[in-house]
Amino acid sequence: MGDSESESEAPKVKLRPIVRLGMFLISHSHLLSVVCCTAGVLTLLLLPLLAKNTYISENALMPGSANPMLSSQEVSEANGLVKDLTNLDLKPMASGIESQRLIAQYMSNLGAEVSFQKFYPQSNQFHPLHFFSSPDSATIRENISCSSFGLNTVGIIRAPRGDGKEAIVLVTPYNSEKIGLGEALSLGIAYSVFSLLTRVTWLAKDIIWVVADSKYGEYAAVDAWLRDYYIPVFSGLGTQYAEMCHGLEENTITERNMRDGFKRAGTMAAALVIKVVDRSEQFEDSLSIYAEASNGQMPNLDLINIVNYLAVHRQGLRIKVEKMWSLLNCKWLMILGEILESLGHLAKSLNPQWKFGIPAADYVEGTATLASSLYYQALGIPTGPHGAFRDYQVDAITLEISSRVSSNNKGRQNDFLLRGGRLIEGVIRSVNNLLEKFHQSFFLYLLTSPSKFLSVGVYMIAFALLVASLPMVAASLYAHANNLDPSFEKNKSNHPASAANELGITLRSWKWLYAAKKVLVVHLWGAVVLLLPYFICQIPNCTPTTSFVVWVLLSIFSLLILFWILGSPFYYVNASQPQQREWALLKSVTISAAFIGLCLMSVINFATAEIGALLMVPMCLMAHPLKLDVKSRKLRKFSRVACNLALGFIGFPPTAFLVFKGVFEGFDGISVSDFWNWLESIWAWSSATYLYIGMIHLPCWILCIHVILHPC
Amino acid sequence: MAHLPRRTHSILLILSIQICFSTIFAVFGSVFQEEFSEELLLKPLPDRKVLAHFHFETTAPPLSTSHGRHHHLFPKAIAQLVRKFHVKEMELSFTQGRWNYDRWGGFDPISSSNAKPPGVELWAVFDVPKDQVDASWKNLTHTLSGLFCASINFLESSTTYSAHEWGFHPSSGGLRYGTLPREAVCTENLTPWLKLLPCRDKAGLSALLDRPSIYRGFYHSQRLHLTSSEFHSSGVESGIVLEQALTVVLQHNSHKMSKTFSSETKLQPSWSLSSIFGRKVTGRCVLAKTSNVYLQLERGLVTELENLQKDNMITGPDHVGSGGLKDNPGFELSVRPEKIFNEVNSLHRKSSSVLYEYSIERYSVFEPFDLGLTWKFPVVWSCPQAPLHSSRFLMGSGNQRGTIAISFISTGLEEGFLSANIGEESCKLQADIFQVVPWYIKVYYHTLRVFVDGQPEAITNVVEKMHVSPSEDKVSPGVMELVLKFPCAVKSAALTLEFDKGFLHIDEYPPDANQGFDIPSAVIIFPNFQTSMHYLEDNSSNKSPMLSKFQEKSPVLSYTEVLLVPLTTPDFSMPYNVITITCTVFALYFGSLLNVLRRRVGEEERILKNSASKKAGRLPQLLSRLSAKLRGKEWEPPQSPSTSSSFISSKLILKVLIVAGVAVFWQYYSE
């Protein structure tokens with residue numbers, strides 16, 4: 001828009017190169033937009049090639065510089081705990097808190113301070129007013145029943161010579177009702193490290209071990225603990241519910257711990273969530289890292305780097321990060337990878353210093369990882385309990401260790417505990433070395449493999465290229481619409497300028513306001529659509545499909561009502577103005593709105609903006625009234641019609657979701673209820689992606705469809 | 001000045017002769033003589049650790065009665081410091097680690113006077129006019145900084161220390177208080193401290209201070225307390241009293257965690273002086289008037305031992321009675337104590353703590369003193385607690401605002417104390433809070449909220465007295481002094497204060513700014529509860545300075561945790577970026593300015609018109625006409641065509657080609 005305005009005041013600045021450049025760009029916007037879009041998509045595909053190797057940026061971390069102190073002695077203690085826990089599970093009549101008490105007993109035997117934290121599960125309710133603010137803990141405790149509560153056990157080691165200002169958190173989620181072997185092993189690993197840390201002399205930060213009761217979900221338990229840690233409630237039920245629901249006061253130690261209440265230990269430096277899955281691995285133990293927190297926030301890259309370094313170079317574990325598995329078997333991706341590889345070879349033969357080729361298999365794997373990294377960041381839903389920490393600006397990751405431990409192989413289990421424990425010990429020791437909080441390395445990055453990353457400076461390019469064509473096209477459309485004006489032509493041919501003509505020029509230049517009003521109304525409707533699920537949720541006994549149908553019907557209804565109230569702006573302008581420019585102006589304003597929306601979203605959640613741009617930019621650029629194309633009866637125009645229809649189809653959020661789901665997971669068993677469920681999960685986690693879909697994507701789609709179906 | 005030493009020598013000689021030959025003169029002389037005493041208190045702690053409290057006291061007579069500026073025991077540096085800055089009272093402590101109020105007790109003289117916040121704490125009372133106090137304080141911090149090899153001089157800045165009315169110390173006026181929570185404490189602070197002792201660490205009890213073993217401990221606090229009445233403000237003239245105390249909490253060296261988790265109560269580890277310090281006492285410091293070692297058994301422990309004794313009555317009928325636990329079944333001492341004191345306390349009817357005294361005068365290098373304690377039966381006891389367990393923490397997250405919360409939880413152990421007062425209707429539990437907050441934590445004191453037993457209370461109901469001096473940016477910290485009165489039956493209470501996080505100037509950030517910023521410990525005082533331990537002694541003439549210190553009534557005092565507030569920190573690599581951006585902006589600005597200055601507008605307009613008419617583009621024509629109209633001139637069609645444009649473009653292309661050719665050439669030859 002800025003460019004088009006500067007164009008109108010050209011007489012003074014005509015010779016300025018920057019204006020000439022702007023005019024050049026606007027006049028060639030068709031070609032440039034095609035070039036920019038293809039370049040954007042190509043850069044996205046090239047990103048795995050551009051990934052750099054990770055490195056440990058903060059020198060103070062010094063991972064692996066000390067020999068691990070964890071010995072078989074701690075492991076045998078941990079084995080005792082694992083055995084006790086599994087025996088407890090076999091016992092038929094164990095009261096609800098038997099396992100917590102056992103763990104607390106073990107902790108206090110080590111000399112740690114033990115406390116329990118009781119919490120009540122809360123249902124994920126959509127509160128439109130609380131979308132950005134974290135839920136107020138006072139409002140949630142409406143119906144507390146004493147029977148359903150979770151009990152977190154928290155053990156704290158005070159660093160003997162530390163000043164207690166900082167703490168490192170270990171979290172082991174486990175289901176207190178049914179303890180599987182994996183959960184018992186994860187507790188064993190944490191216990192072995194914990195028992196070592198009570199004896200070491202190098203500890204500078206306190207250690208908090210949270211045994212989270214994942215009866216009502218891992219995230220909920222960790223989140224409840226963090227909420228009590230950071231925003232405790234002093235008044236009302238907050239402090240009294242412990243007395244209300246008794247049932248823990250048995251032995252004196254437990255009672256004392258309960259009474260002393262919530263224990264704290266300074267500012268958290270980092271948090272590690274340890275999980276063990278007994279997915280039977282065939283070859284070796286492997287370690288999966290989950291890092292994505294809400295709204296695509298990532299922990300500092302250094303935290304992942306330490307884990308990666310220690311696991312690979314010290315403990316010999318295989319590191320995995322999440323991948324899009326279906327992409328691995330993609331034919332075209334393989335072909336692309338081979339082409340890039342051969343290009344790399346070619347470049348290398350020309351100049352041996354040019355090294356940008358990577359093997360095709362690596363490329364495919366990198367793309368799959370990148371795609372999943374983008375997807376999970378875009379979704380805005382934390383991939384594990386570590387997400388709760390990020391909400392309080394604590395760097396946290398989930399380590400999921402999968403073993404090939406069979407329950408009867410004792411030696412194998414010991415080895416597994418030893419390696420897992422040594423890994424955790426090494427990470428804690430590194431973080432303990434850290435004087436400042438994590439700040440050296442990247443916070444904005446995408447992973448293409450556990451040891452390769454793309455920083456924000458690199459992955460921005462793809463997005464910037466995609467988005468760059470939008471303002472150019474908007475400006476050119478605007479200029480074009482003004483130039484096409486017949487009265488304008490007339491004005492030029494007979495040059496004695498009159499006052500009436502000038503008025504006409506002024507009126508014409510403000511004509512875009514009608515289009516802007518229309519765009520604004522549609523965006524307002526988007527906000528209304530966003531709020532509808534809140535009311536739909538109040539309807540009892542609703543299946544996802546019916547909710548979805550109700551939602552769609554209500555949306556259409558509200559669209560109609562809005563137009564009725566606001567004087568149907570769709571047809572208001574058309575009476576006096578020529579149709580041809582009307583659609584061009586509308587498209588121009590739509591594109592500008594999309595540009596602003598995408599840029600805003602890229603600040604909040606880059607991955608969402610990137611994926612959104614991939615879907616939206618071609619759709620916005622291609623939109624052209626069908627009527628005009630059909631009239632001309634040329635092959636080129638028909639191809640444009642086909643493109644428009646295809647992009648319009650894929651641009652609609654539900655169809656886009658279903659198509660992608662079908663492509664990646666297979667088309668059988670897909671229904672519209674999946675979309676509803678997906679959307680529900682997004683708003684339940686109050687992800688900004690939900691806002692993006694409702695406020696930017698959907699209105700733009702509607703406006704594009706309106707342009708396509710424009711009655712010219 | 002030359003005659004002075006001779007005179008002191010002669011006086012000393014005379015004095016020594018008098019001491020040797022005349023008992024009457026000796027008694028008379030000792031009143032005015034400098035004295036030194038060394039004492040060590042050992043106390044087993046409930047969590048398998050041992051507390052060692054060294055207490056050295058040096059006294060110097062008042063200036064009027066002593067030998068001028070000359071001392072033979074008292075450290076000259078301290079005496080000079082006192083006289084120069086007119087210090088009435090001063091306390092300096094270096095602490096590493098945290099005192100565990102839960103496990104090591106919070107209701108005895110040792111914990112309330114020797115449990116200190118981590119880092120350095122300094123307070124001093126000056127006997128100077130009010131306007132000179134700050135200057136004296138600044139000089140004092142610099143002197144102490146040099147004396148103790150620590151960065152106490154950072155307390156000089158007015159943003160780090162505070163003056164207050166009544167919260168912390170009863171003696172008002174001329175008191176300054178400052179803490180450095182981040183100061184690391186090391187041997188280089190201990191060595192100058194030891195140099196103040198007459199025997200240093202070469203002989204006597206201080207020889208036990210083996211650096212590796214005391215710094216391996218769980219708590220380490222060296223304290224220097226100074227009282228002087230040189231300046232005639234108080235009637236009593238006692239000269240200068242220098243009290244040096246070192247409190248360490250140690251664990252038995254070779255101890256390994258017991259692996260048997262089945263047994264509920266474990267046997268406490270046995271220890272001896274040589275096992276916890278790695279050294280033995282090889283005789284006393286000959287300059288010391290008294291040098292004693294005490295072993296204190298706490299009230300709770302004594303009760304447990306008595307219970308144990310009652311159980312074992314059948315096997316061991318020789319019950320000692322109130323005299324003490326000489327042959328108790330719980331533990332065994334390697335050295336037989338010389339004296340046993342029982343605590344005199346009317347409030348605790350059940351049992352009282354016991355003190356074993358050892359005089360180390362009779363031990364030597366050949367017969368070193370090595371006290372050992374061997375437990376025979378597992379004993380579990382708990383230490384006396386302060387009436388309320390206080391903790392302070394931060395609430396909220398993010399870089400903008402937060403909340404400081406101080407929570408009190410009743411320890412439930414003080415019922416015995418309170419039972420005396422329960423008959424009264426308005427039984428109140430008083431707690432004083434003294435808190436200093438640096439200026440970049442902008443506390444809103446009006447947001448103070450009080451919760452008692454989970455219910456919000458009106459501030460006027462709880463807060464009896466309040467003194468707040470808000471912080472001033474870059475000038476002074478915020479100080480809050482509160483007197484709270486809780487009902488006696490209070491179970492839990494909490495105070496919250498909201499704050500905003502301020503911004504610092506880039507050069508005000510300390511090194512490692514990304515760690516966060518410290519809020520020093522708050523001090524919680526319970527003035528209604530006095531810690532005093534009065535031991536029944538056989539002869540009151542030979543009173544030990546440490547025990548008389550224990551007898552002094554002082555309120556129960558505890559420190560809260562140091563808090564770490566993460567503030568917004570700039571990217572410190574930013575200066576580079578800033579320089580780059582600034583340079584670009586300057587270049588653009590000056591470029592356009594020069595461009596405007598050297599431009600001849602009339603000439604350019606003519607050229608513009610010419611070129612416009614030559615090109616005869618529709619739009620430029622229209623625009624030039626528009627501009628002409630705007631200026632109010634007659635629009636004239638362009639006349640003279642310019643010839644240069646095609647020439648320029650061809651020249652430009654030529655130039656570009658030449659540059660590209662050079663670049664290709666260069667690239668080719670550089671390979």
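The C-alpha centres of domain 1 of chain B and domain 2 of chain B lie 30 Å apart, the domain bounds being those of an automatic or database domain assignment. The model is a predicted one, in which local features need pLDDT of at least 70 and side-chain atom pairs count only at pLDDT 80 or more, while totals for chains, interfaces and linings use all residues. Residues are numbered from 1 along each chain as its sequence is written, chains are lettered from A in the order in which they are written, and side-chain values use heavy atoms, with hydrogens and water left out.

**Domains of chain B**

- The assignment for chain B gives domain 1 as 35–253 + 268–312 + 326–375 and domain 2 as 388–413 + 425–505 + 513–520.
- To the contact (heavy atoms within 4.5 Å), domain 1 of chain B contributes 14 residues and domain 2 of chain B contributes 20 residues.
- Between domain 1 of chain B and domain 2 of chain B, about 1400 Å² is buried, with carbon and sulfur atoms giving 61%; buried area is the accessible area (1.4 Å probe) that two parts lose on being put together, summed over both.

**Domains of chain A**

- Chain A is split into domain 1 (17–48 + 458–708) and domain 2 (59–322 + 383–450), and 17 residues of domain 1 of chain A touch 13 residues of domain 2 of chain A.
- The two domains of chain A bury about 1400 Å² between them, 71% of it on carbon and sulfur atoms.
- On the side of domain 1 of chain A, A:Tyr459, A:Tyr534 and A:Trp685 lose the most area to domain 2 of chain A, together 36% of what that side buries.

**Helix packing in chain A**

- Helices here are DSSP runs (H or I, at least four residues) numbered from the N terminus, and their axes are lines fitted to C-alpha atoms over the stretch in contact, with angles from 0 to 180 degrees between N-to-C directions.
- Helix α5 (residues 72–90) of chain A and helix α17 (residues 410–433) of chain A have axes that come within 10 Å and cross at roughly 115 degrees, and α5(A) and α17(A) are therefore roughly perpendicular (65 to 115 degrees) to each other.
- The contact of α5(A) with α17(A) comprises five nonpolar, four polar and two charged residues, where Ala, Val, Leu, Ile, Met, Phe, Trp, Tyr, Cys and Pro count as nonpolar, Asp, Glu, Lys and Arg as charged, and the others, Gly among them, as polar.
- Helix α27 (residues 635–651) of chain A packs against helix α28 (residues 653–665) of chain A at an angle of about 85 degrees, with the axes 5 Å apart, which makes α27(A) roughly perpendicular to α28(A).
- That contact joins A:Phe649, A:Ile650 and A:Gly651 of α27(A) to A:Pro653, A:Thr655, A:Ala656 and A:Val659 of α28(A), and its residues divide into five nonpolar, two polar and no charged.
- The axes of helix α18 (residues 456–483) of chain A and helix α25 (residues 606–622) of chain A come within 10 Å and cross at roughly 35 degrees, and the residues of their contact are 15 nonpolar, one polar and one charged.

Key: Helices (H or I, at least four residues) and strands (E, at least two) are DSSP runs, numbered from the N terminus. Angles under 35 degrees count as roughly parallel, over 145 as roughly antiparallel, 65 to 115 as roughly perpendicular and the rest as oblique.
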